[in-house]
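Please keep the sequence and the coordinates in view while reading.

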Amino acid sequence: VLVHTLVIYNSIGFIRNYTNFLRNRGMLGNTILAAAIVTGVVVVAYLVVIRREKRWQTYLAVLIFAGIYAGCFKLLPLPEERVHFPQYGFLALFTYRAVTLLRPGDAFAFLWSLLLVALLGWGDEGIQDILPNRFFDPRDIMLNVLAGSLPLVLVDLIRPRDNPESR
């Protein structure tokens, strides 16, 4: 969680140069789309190879969430806004894993994770507020929370249940 947060925070100052570089070459949208596709492939590979998932409902849930992500991407006109989804989606997953390791069986792990993601997203915007080439945008905090909540809901939907017959 700490390493991923530091990567996000440390990239604030130079990420605009990188996105402008890609945009000027007509590559920004496709780069973000490629990252989203790779993430989807990794999720499915994890389910097939590592978890050996057999429940069709799991794959249906992944497909539905892929559609939700596609819809969010379509609604966000700026590719930079789409970057919030992998940044804070992975942060939420790392946070959820840390919470469940530190507090096994905690019924509120989802909420603790989402709260931490919201606070870290607010910190991201706070840093941007003090940088001369960036600005604070409360809408980005909401995007961070949305981006963090989607994978957490998916994880809850596809996690193995106690009943081995359900797999």
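A residue counts as buried when its relative accessible area is under 20%, as exposed when that area is over 50%, and as partly exposed in between. By that scale Thr-31, with a relative accessible area of 32%, is partly exposed. The structure is a predicted model, and the points below are grouped by topic.

**Helix 4 against helix 8**

- The axes of helix 4, which covers residues 56-75, and helix 8, which covers residues 138-158, come within 9 Å and cross at roughly 170 degrees. Because angles over 145 degrees count as roughly antiparallel, helix 4 is roughly antiparallel to helix 8.
- On the side of helix 4, the contact is made by Thr-58, Ala-61, Val-62, Phe-65, Ile-68, Tyr-69 and Cys-72, while helix 8 contributes Leu-146, Ala-147, Leu-150, Pro-151, Val-153, Leu-154, Leu-157 and Ile-158.
- Sorted by class, the contact of helix 4 with helix 8 has 14 nonpolar residues and one polar residue, with no charged residues.

**Helix 6 against helix 7**

- The axes of helix 6 and helix 7, the latter covering residues 109-130, come within 9 Å and cross at roughly 135 degrees. Helix 6 and helix 7 are therefore oblique to each other, and their crossing is right-handed.
- The contact is made by Tyr-88, Leu-91, Ala-92, Thr-95, Tyr-96, Val-99 and Thr-100 of helix 6, which meet Ala-109, Phe-110, Trp-112, Ser-113, Leu-116, Val-117, Leu-120, Gly-121 and Asp-124 of helix 7.
- The residues of the contact of helix 6 with helix 7 divide into 11 nonpolar, four polar and one charged.
- Ser-113, which is found in helix 7, has a relative accessibility of 0% and therefore counts as buried. When residues up to four places away in sequence are not counted, Ser-113 touches Ala-92, Thr-95, Tyr-96, Val-99 and Leu-152.

**Aromatic pairs**

- A search of the whole structure finds three aromatic pairs. In one of them, the rings of Phe-73 and Phe-85 have their centres 5.8 Å apart and their planes at 55 degrees, so the pair is tilted.
- This pair links distant parts of the chain, since Phe-73 lies in helix 4 and Phe-85 in helix 6 (residues 84-102), 12 residues apart.
- Both partners count as buried, Phe-73 with a relative accessible area of 13% and Phe-85 at 3% relative accessibility.
- Tyr-69, Phe-73 and Phe-85 form one aromatic cluster. Tyr-69 also takes part in the contact between helix 4 and helix 8.

**Single residues**

- Arg-52 has a positive phi of about 50 degrees although it is not a glycine. Arg-52 is found in the loop between helix 3 (28-50) and helix 4, and with a relative accessible area of 58% Arg-52 is exposed.
- Thr-31, the partly exposed residue of the opening definition, is found in helix 3. The C-alpha atoms of Thr-31 and Val-83 are separated by 10 Å, with the two residues 52 residues apart along the chain.

Notes. Residues are numbered from 1 along each chain as its sequence is written. This is a predicted model: local features need pLDDT of at least 70, side-chain atom pairs count only at pLDDT 80 or more; totals for chains, interfaces and linings use all residues. Side-chain values use heavy atoms; hydrogens and water are left out. Axes are lines fitted to C-alpha atoms, for helices over the stretch in contact, and angles run from 0 to 180 degrees between N-to-C directions. Helices (H or I, at least four residues) and strands (E, at least two) are DSSP runs, numbered from the N terminus. Angles under 35 degrees count as roughly parallel, over 145 as roughly antiparallel, 65 to 115 as roughly perpendicular and the rest as oblique. Contact means heavy atoms within 4.5 Å. Ala, Val, Leu, Ile, Met, Phe, Trp, Tyr, Cys and Pro count as nonpolar, Asp, Glu, Lys and Arg as charged, and the others, Gly among them, as polar. Rings of Phe, Tyr and Trp (its six-membered ring) pair if their centres lie within 6.5 Å; planes under 30 degrees apart count as stacked, over 60 as edge-to-face and the rest as tilted. Buried means under 20% relative accessible area, exposed over 50%, partly exposed in between (1.4 Å probe, protein chains only). A crossing is left-handed if the near helix is turned anticlockwise from the far one by less than a right angle, and right-handed if clockwise.
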